[in-house]
Amino acid sequence: MSALTPWALAFGLTLPVVILFYLLKRRRVVLRVPSTVLWRRYLAETQANAPFQRLRWTWLLLLQLLLLLLAVGALVRPFLPGQERPSSLRILVLDASASMQSRDVEPSRFEAARSEARKWIDSLKPGQRMVLLQAGPRTEVRQSATSDRAALRRALESCVVTDGGSRVGEALKMAESLIRDVADPEIHLFSDGAVGLLDEFENRNLPLVFHRVGVRRHNVAFSSLEVRANPENPQQRAVFTALANLSPAEIQTQVELRFDGEVVDAQQVTVAPGESEPLVFIVNQERDGLYTVRHTAADDLPSDNQATVMSLLPQPVRVLLVTRGNRFLEKALRSAGTVQLTVAADMTGEDADWDFVVLDAVTPTRWPEVNTLALRTSAPGWFDEIAALNAPPIVEWRTAHPLLRFVNLDNVQVAEAAGIRAPPWGEVVAATTQGPLLVAGDQGRRRVVWVGFDVLRSTWPLRVSFPMFVANVVEY
């Protein structure tokens with residue numbers, strides 16, 4: 001038998017105190033009486049000098065001692081240890097995302113989580129099985145169900161932290177499938193909690209135990225990095241980045257821009273807690289190379305204190321426009337960046353001479369094998385059905401697609417269009433009530449953009465969205 005509060009046994013010292021009270025003689029009250037014949041026994045007691053008397057056992061004394069023993073026993077809280085029934089299957093999910101590299105706990109959150117998981121492996125009972133999952137950018141089964149502690153320890157040591165995100169939700173789905181029809185399962189998640197939304201698991205009653213690692217949020221990170229031509233001077237490069245402050249306090253730091261390891265610019269920046277500060281660097285670039293941004297603020301996660309992007313000098317885009325005359329399209333192509341435009345009435349030269357070909361309502365004598373923009377024309381086998389549509393309204397377009405970035409088609413009227421079925425190789429980017437109007441996709445090693453109407457028989461060339469679309473096509 002064991003006790004939850006063994007120190008309460010000290011109250012047992014009160015038992016002799018009760019007995020002591022019964023040993024003490026009572027003080028008698030002196031009264032004047034006519035005779036002492038009936039009081040000789042008590043008179044003898046008053047004449048004794050000793051303060052104690054012989055103990056006389058009474059039912060009241062026994063009852064008092066019993067009640068006191070019961071009170072002491074209640075304070076001690078004794079119990080009999082029973083047999084622990086171990087879980088038949090335990091699944092350990094180890095978060096290996098980039099945030100687990102934080103050093104707010106020594107040596108890192110990931111190592112702290114691994115150390116905690118190792119204790120659970122060491123506590124494996126006979127007949128109990130365990131599975132080890134690593135949750136990083138993808139879920140990996142490091143060890144299938146086994147009772148071998150040595151194999152589990154080796155699998156745990158083989159886990160490595162990554163620089164990517166964490167798909168803990170995917171790992172929990174896998175764990176849920178593994179515990180189906182298993183008696184008394186357990187799922188143990190070792191993570192810092194930066195795992196995104198897990199709302200879909202709220203009502204699934206998973207036997208999940210969350211072991212949190214990490215004591216604070218103190219991180220300053222680059223959330224984006226992009227290099228483009230300077231809109232005001234195409235000969236220069238514009239480096240766009242954003243610095244996010246994930247700490248609870250304001251930070252002041254210096255952001256350096258390096259090109260192939262050499263510092264070319266720097267900016268001082270102050271970022272409020274929970275906010276992100278955009279930064280733009282304008283630099284000259286004479287060769288291809290790597291741009292790196294780096295901040296000097298001290299934080300717990302050094303892996304996102306810098307970011308790198310490859311920057312290639314813009315090369316001229318060789319475009320062949322096959323048309324019978326379309327000044328709107330020709331002008332839009334010439335204004336779309338560094339385009340070397342050749343205009344012809346039919347396919348000329350070899351396919352390797354062009355980066356892409358534009359077919360403007362013309363069926364060429366031979367179809368190019370390079371990237372193609374086809375307006376109101378299509379090669380044999382592209383589509384199953386072709387029918388004429390009179391004045392079809394444009395009712396749907398995907399503004400999130402790269403071809404329609406900053407493009408609005410709500411004020412474009414079309415006189416006639418080709419009605420088709422969406423091909424398996426293409427993605428419908430814009431559509432009418434009767435079918436696709438703009439399709440983009442890959443055919444083998446070439447990229448195809450198909451427009452189902454003649455732009456000269458529409459109001460599109462008169463809208464600002466038309467040159468934007470052409471520029472997007474060149475970049476696409």
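A salt bridge is taken here as a side-chain nitrogen of Lys or Arg within 4 Å of a carboxyl oxygen of Asp or Glu. The views below come from a predicted model, in which local features need pLDDT of at least 70 and side-chain atom pairs count only at pLDDT 80 or more, while totals for chains, interfaces and linings use all residues. Residues are numbered from 1 along each chain as its sequence is written, and side-chain values use heavy atoms, with hydrogens and water left out.

**View 1. The salt bridge between arginine 318 and aspartate 355.** The two side chains meet at 3.2 Å, N to O. Arginine 318 belongs to strand E15 (residues 317–322), whereas aspartate 355 sits in the loop between strand E16 (339–344) and strand E17 (356–360), so the pair ties together parts that are 37 residues apart in sequence. Helices (H or I, at least four residues) and strands (E, at least two) are DSSP runs, numbered from the N terminus. Arginine 318 is partly exposed at 31% relative accessibility, and aspartate 355 is partly exposed at 29%. For these classes, buried means under 20% relative accessible area, exposed over 50%, and partly exposed in between (1.4 Å probe, protein chains only).

**View 2. Further salt bridges.** Side chains of opposite charge can pair when their charged atoms come close. A search of the whole structure finds 21 salt bridges. One of them joins arginine 376 and glutamate 416 at 4.0 Å, N to O. This pair links distant parts of the chain, with arginine 376 in the loop between strand E18 (371–375) and strand E19 (387–390) and glutamate 416 in strand E21, 40 residues apart. Both partners are partly exposed, arginine 376 at 29% relative accessibility and glutamate 416 at 24%. Glutamate 226 and arginine 228 also meet through their side chains, at 2.6 Å, N to O. Here glutamate 226 has a relative accessible area of 36% and arginine 228 one of 32%.

**View 3. The largest nonpolar core.** A nonpolar core is a set of buried Ala, Val, Leu, Ile, Met, Phe, Trp, Tyr and Cys residues joined through side-chain atoms within 4.5 Å. Of the 36 residues in the largest core, Leu333, Val358 and Phe469 touch the most other members. Helix H8 (residues 465–475) gives the most to this core, with 5 residues. Apart from this core lies another, of 20 residues, among them Met347, Ala379, Ile420 and Val439. Contact means heavy atoms within 4.5 Å. Beyond residues up to four places away in sequence, valine 358 touches Val319, Leu320, Leu321, Val322, Leu329, Leu333, Leu373 and Leu375.

View 4. Alanine 440 is buried, with a relative accessible area of 3%. Its contacts, leaving aside neighbours within four places in sequence, are His401, Leu403, Trp425, Gly426, Glu427, Val429, Val448, Val449 and Tyr476. The C-alpha atoms of alanine 440 and tryptophan 450 are separated by 6.3 Å, although the two residues are 10 apart along the chain.

View 5. Most residues other than glycine have a negative phi, and most peptide bonds are trans. The peptide bond from glutamate 106 to proline 107 is cis, with omega near -5 degrees. Proline 107 occupies the loop between strand E3 (89–95) and helix H4 (109–122). Aspartate 181, in the loop between helix H6 (168–178) and strand E6 (185–191), has a positive phi near 65 degrees. This aspartate 181 is exposed at 82% relative accessibility. Phenylalanine 406 likewise has a positive phi, near 65 degrees, and lies in the loop between strand E20 (394–397) and strand E21 (416–419). The relative accessible area of phenylalanine 406 is 65%, and the residue is exposed.

**View 6. A nonpolar surface patch formed by Leu63, Leu66, Leu67 and Leu70.** Together the four residues have about 400 Å² of accessible area, as given by the Shrake-Rupley method with a 1.4 Å probe, where for residues only the protein chains shown count as cover. Patches are made of residues with over 30% relative accessible area and no salt bridge; like charges are joined within 9 Å, and nonpolar side chains (Val, Leu, Ile, Met, Phe, Trp, Tyr) within 5 Å. Leucine 66 lies in helix H3 (residues 59–76) and is partly exposed at 47% relative accessible area.
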